[in-house]
Amino acid sequence: MTAQVIDGKAFAARVRAQVGEHVGRLKAEHGLVPGLAVVLVGEDPASQVYVRSKGKQTVEVGMKSVEHRLEVDTSEADLLALIEALNADASIHGILVQLPLPKHLNEELVIGSIDPAKDVDGFHISNVGLLGTGQKSMVPCTPLGCLMMLRDHHGSLSGMDAVVIGRSNIVGKPMAQLLLGDSCTVTIAHSRTKDLADVVRRADIVVAAVGRPEMVPGDWIKPGATVIDVGINRVPNGEKTRLVGDVDYDSCAAVAGAITPVPGGVGPMTIACLLANTLTACCRANGLPEPEGLTA
Ligand code: NDP
């Protein structure tokens, strides 16, 4: 079997188009413009690229984009004051603080200071709790993107065996909660899991979020399973480098029913879901119906 490739780039473009159409209607019918504020502290090159890309895509779907670039030695008090001002700003519906923060800033405290209704990254403890109890929340963007692709591919996920490899707060755990919410039987694997190969072989859905290049070989995959590769790993390639995922693409694609490539799979969905979350936050803040198909 050769797996169907789940094209995350094309899917993300469809999500952005859907968000853009909804934003157009919000403007025309309610005079509303969803606003996203991104806060970057310091000059981490990768973070700068992400922030630029987020700002560009925000504007492209017709939303307001605000960027706050702060010096690397910004004090916690100054950062918290900025977040307080953004919390109070009615034209801002989503606030994202780009992580990681410089070491002298307490990430938990900073994320905890964001109004949960504007927490479009879904990292605030209130949103974590709401997701964990199956209530309406802001859902972390990467797992939301994975869920959208799985729903699109399978329709219903009910009763499927899902294995999530990785238990981080930003990917593994929320991914597992979302799959449970869609009535999968969910196993969360991690670095201490015994017989990982056997665990993965039982899965109809495998989500790999580990951060280890090409760790999952094809002979771990049940024939016909769907493989979602969250990993983004840069590895040497002659004198240059290239991106690979957490699964060994060629051997997994030979066995799986469907697979996401790296690059061009989960990656592009993350920012698309950030835009979807900002739209959702704007609709909720104004008591309007949420956009269909763009939330968990
Ligand atoms: P973390 O480092 O926070 O978590 C990695 C997880 O993998 C941990 O739970 C760890 O287990 C587990 N793990 C490590 N080694 C093994 C092993 N040998 N066997 C089984 N499990 C193992 O990473 P993130 O969740 O933040 O990210 C995971 C990957 O996804 C990275 O490549 C990252 O770049 C990528 N990513 C991609 C995004 C996108 O937009 N596409 C967004 C976010 C992340 P333990 O807890 O026991 O240590």
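Start by selecting S91: its side chain makes a polar contact (an N or O pair within 3.5 Å, one able to donate a hydrogen and the other to accept it; sequence-adjacent residues count only if both atoms are side-chain atoms) with the side chain of D89, at 2.8 Å. This is a predicted model, where local features need pLDDT of at least 70 and side-chain atom pairs count only at pLDDT 80 or more, while totals for chains, interfaces and linings use all residues. Residues are numbered from 1 along each chain as its sequence is written, and side-chain values use heavy atoms, without hydrogens or water.

S91 sits in the loop between α3 (76-88) and β4 (94-97); helices (H or I, at least four residues) and strands (E, at least two) are DSSP runs numbered from the N terminus. Now show G35: its C-alpha atom is 5.9 Å from that of S91, though the two are 56 residues apart along the chain.

Next, select N277 in helix α10 (residues 266-285). Is N277 buried or exposed? At 4% relative accessibility, N277 is buried (under 20% relative accessible area; exposed is over 50%, partly exposed in between, with a 1.4 Å probe and protein chains only). Leaving out residues up to four places away in sequence, N277 touches V120, M138, V139, C141 and L144 (contact means heavy atoms within 4.5 Å).

Finally, pick L179. With the neighbours within four places set aside, its contacts include L150, A162 and V207.
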